[in-house]
Each structure stands twice: as C-alpha cells, then as structure tokens.
Amino acid sequence: MRYDFDRLIERRNTSSEKWDKIAEYFGHEDALPLWVADMDFPAPEPVVEALRKRAEHPFYGYSFPPDSLYEAIVDWLWRRHGWRVKKEWIVFSAGVVNGLYSAVEAFSRPGDEVIVQPPVYFPFFSAVKNTGRHLLYNQLVTDGRRYTMDFAGLEALLRGKAGGGAAPRASRASLLILCSPHNPVGRVWTRDELSTLARICAEDGLLILSDEIHCDLLIEGAKHTVTATLSEEVARNTVTFMSAAKTFNVPGLATSFAVIPDGDLRRRYGLTRAGNNNGNLFGYAATEAAFRHGDEYLEQLRAYLTENVRYFMDFVATRIPRLKAYGPEGTYLGWLDCRGLGLGPVELQRFVRDKARLALNDGYIFGPGGEGFQRVNLACPRSMLKEAMERLEAAVGTI
Ligand SMILES: Cc1ncc(COP(=O)(O)O)c(C=O)c1O
C-alpha cells in the first residue's frame, strides 16, 4: 500500500509526550515540536491491525514472547542485516534504556568507568551515573562536515598515552556504550570504523554495549554494519540492543530486545532482569507484525526521510547560512550548529523557544561537544518541517 507521510494528523490530547508536554517543557503551547525521537507518522497498517486484533481478545494477562516473534526477529536480522542470530540469544526488555541499565549493572562494578562518546543520547549518562559507575568521555571529533570517533583519544584514555604530560594510568573502564547509528550526530559508522573500535575494546578488555535502535532508519546511500557481524570474536564481546520502536514508531509500547551470543554474558544479564519488565503483549504483537510485514512501509519511509534531510540541509545552507546543518546518514535527527549566532546556552534555548517558537532538544544535554547545537527531529510531514524552518529563518533574521 501507499503510505501518505504528508498527512498531518492531530496528536494533541493523546498522552503524547511530544505534543502534550510542549507548554510544560518549552513554555509555549504554540511551539512546533521537533524534539523527542518519535515520528509524526502513523505506525504501519499491519501493526495497527495486529494491535486491534490482540485488543479484541479481552484478556490481557501475563504473557511471554511467542516463538513466532523470535522467528520474525531472526528472519528480519538475517534478511536486512545479514546477521544469523539464534533464538536463545534474544532477551526482551521494556525498552532499550531499561536494557542498558541492566547491562551496566550486570557487566561492571560500582565505581568502574564506562566510556561514552559524546555528544550522544543522554540516557547513556544516567544509565552509568545512576548505577554508581563513572563516565569517561571520548568525545567525537568533527571536521565541520562529518563526525568521526577519536581512536587516538580512546587509546590515550585507556592506556594513559595522552600527550600533555598526563601520567599513564591503569584504566578502570569495563564497558563502552556505542551508539550506532549515532544519535544525535547522525553518523552510520563504517565497517572500518567499527573494526578499529572493536579491536581497541578487545585489547583493553572492554565489553561493547552496542545500541543499534536506529539501524533500520537509513538515509539513502547509507549501509549499516551490525557491530556483532564483524567477527565471531567481536560478537562474543558485544551486547546489541534493538527494537522495532523507532523504525515503526511504536516507542510507547515499551518493548525491545538485546541480542547476546555469549552464554555467560546472557546468564549474567538475566540475573539483573527484575520482575515483569520484559516488554508486554502489545509490544510483542506490534514487533512481530512490523518485522513480518513492515518492509513496504520502511522503504517508503526512508525515501520520505531522505527528502526531508535534503530539504533541511538545503534550507539551512541557502536561507540560514549563519547556522550549519549536519544531515543524518542514519536516524531522522538533524544536528544544527548554532554557534554562529553567538548566543550562550541559556540565550540560545530562549531564542529557540521564545523567538522561533520551536521545541527542539538543546545540544548541551548530549554532553561535551553539544554546546551551541540544537537537535531537530526531521520525521514529520514536510509542511511541518517547512513551517519550522521558516520560523527559524525569521527568528535568526531578528538578531
Ligand atoms: C540511541 C537511542 N537509544 C535508545 C532510545 C530509547 O529507546 P527505548 O524507548 O526503547 O528505551 C532512543 C530514543 O530516542 C535512542 O535514540
């Protein structure tokens, strides 16, 4: 079927965090929400149908992921990512962030260091800090057009090889949390980049927690490499987090899964999984329908997002040249360098909210390297994106 991503659908008064919290979070009811990673497109019809069917049976008791769901995931990962996964490697959780917290607890000790590469999805920080571990930043670097990982910086962090007289130190880092594709800078890491990262991690005894929730949201021309497909050795040293939530816009169903090929890691992860937090029956139904019948939707979505990214990039380059846009290769998140406006963090926040009347994510929440940036969610009907960009252009024109 043909999906109409141009259609604007009213989402207010549906307990939508994106739409119903605008006034509370951003101060203005009329701010256009291009913030939290939730798309303004309805879920695919087969998903809606599966949920309808499940809801019609009026028993919502304790449930478990059925075999057919495991089969759908195994098939999807093979078909779309060339990854052969065994059913028993898959462990469900009530969302990727939920799983990350468990993994940090399972695979490190209080007081350990956990490496993250900011600017990055900020719940990584809380998963580390709230479990009594310490953050170690290996900041991404940019040449002004594209971000890359700082491998020399990572080695220096781990082995105390830093210049500038830093004394060598034994690392207490046990984990690295990778965001692949990377929210918010939009990189789809190449096979070479991932191989280098995996080699450094293996040499220094770091386990990789690879958050690949955006792996299917690829802008035209991008190719995602699942970290665990690099080699069997890397697979044994990686815990991969995935979900249908971003790709098919069902994050409110709070269901995701980790793929853990190594039996011992799987057992340790399992010990941290407390109570009834393994997803839920609606999440199971939606995930299965999405992975079985979602290809058509995904192809059309990717084409639409590719056009939105192009629109965003062209608009900034030609009409707001004081800003600089990074278009994503993966994810639907644009990353906007606003440092050319010369505003401090609070001034920039006020400018975006009060003057431009936009609800965006402030760059500084993504950690070091995010100051002076804004994250723009491009997954909305083009008319809404156009309106947002015109508001921004007009506001920039006033300063
Ligand atoms: C990189 C990344 N990981 C995880 C999540 C959230 O996943 P969940 O809602 O399954 O916890 C997001 C949502 O934006 C994300 O961008």
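In this predicted model, T331 lies in the loop that runs between strand β11 (324-326) and strand β12 (333-337). The phi angle of T331 is near 75°, which is a positive value in a residue that is not glycine. Most residues other than glycine have a negative phi, and most peptide bonds are trans.

Two peptide bonds of the chain are of interest here. The bond from P118 to P119 is cis, with omega near 0°. P119 has its place in the loop between β3 (113-116) and α6 (123-129). The bond from N183 to P184 is also cis, with omega near 15°, and P184 sits in the loop between β7 (173-179) and α8.

A backbone N or O atom of V96 lies 2.7 Å from a ligand oxygen. For H214, an N or O atom in the side chain is 2.8 Å from an oxygen atom of the ligand, and for K246 the corresponding side-chain distance is 2.9 Å. The ligand on its own has 400 Å² of accessible area, and the protein covers 88% of that.

Helix α8 also takes part in a helix pair. Two packed helices are described by the angle between their axes and the distance between the axes. Helix α7 (residues 151-159) and helix α8 (residues 191-203) have axes that come within 11 Å and cross at roughly 5°. Angles under 35 degrees count as roughly parallel, and α7 and α8 are therefore roughly parallel to each other. On the α7 side the contact is made by F151, L154, E155, L158 and R159; on the α8 side E193, T196, L197, R199, I200 and E203 make it. In terms of class, this contact has 5 nonpolar, 1 polar and 5 charged residues.

The last stop is R302, which is found in helix α12 (residues 295-319). Which residues does R302 contact, leaving aside its neighbours within four places in sequence? They are R80, D216 and L218. R302 and L218 are 84 residues apart along the chain, and their C-alpha atoms are separated by 6.5 Å.

How values were computed: Residues are numbered from 1 along each chain as its sequence is written. This is a predicted model: local features need pLDDT of at least 70, side-chain atom pairs count only at pLDDT 80 or more; totals for chains, interfaces and linings use all residues. Side-chain values use heavy atoms; hydrogens and water are left out. Axes are lines fitted to C-alpha atoms, for helices over the stretch in contact, and angles run from 0 to 180 degrees between N-to-C directions. Helices (H or I, at least four residues) and strands (E, at least two) are DSSP runs, numbered from the N terminus. Angles under 35 degrees count as roughly parallel, over 145 as roughly antiparallel, 65 to 115 as roughly perpendicular and the rest as oblique. Contact means heavy atoms within 4.5 Å. Ala, Val, Leu, Ile, Met, Phe, Trp, Tyr, Cys and Pro count as nonpolar, Asp, Glu, Lys and Arg as charged, and the others, Gly among them, as polar. A polar contact is a pair of N or O atoms within 3.5 Å; within protein, one must be able to donate a hydrogen and the other to accept it, and residues adjacent in sequence count only if both atoms are side-chain atoms. Accessible areas come from the Shrake-Rupley method with a 1.4 Å probe; for residues, only the protein chains shown count as cover.
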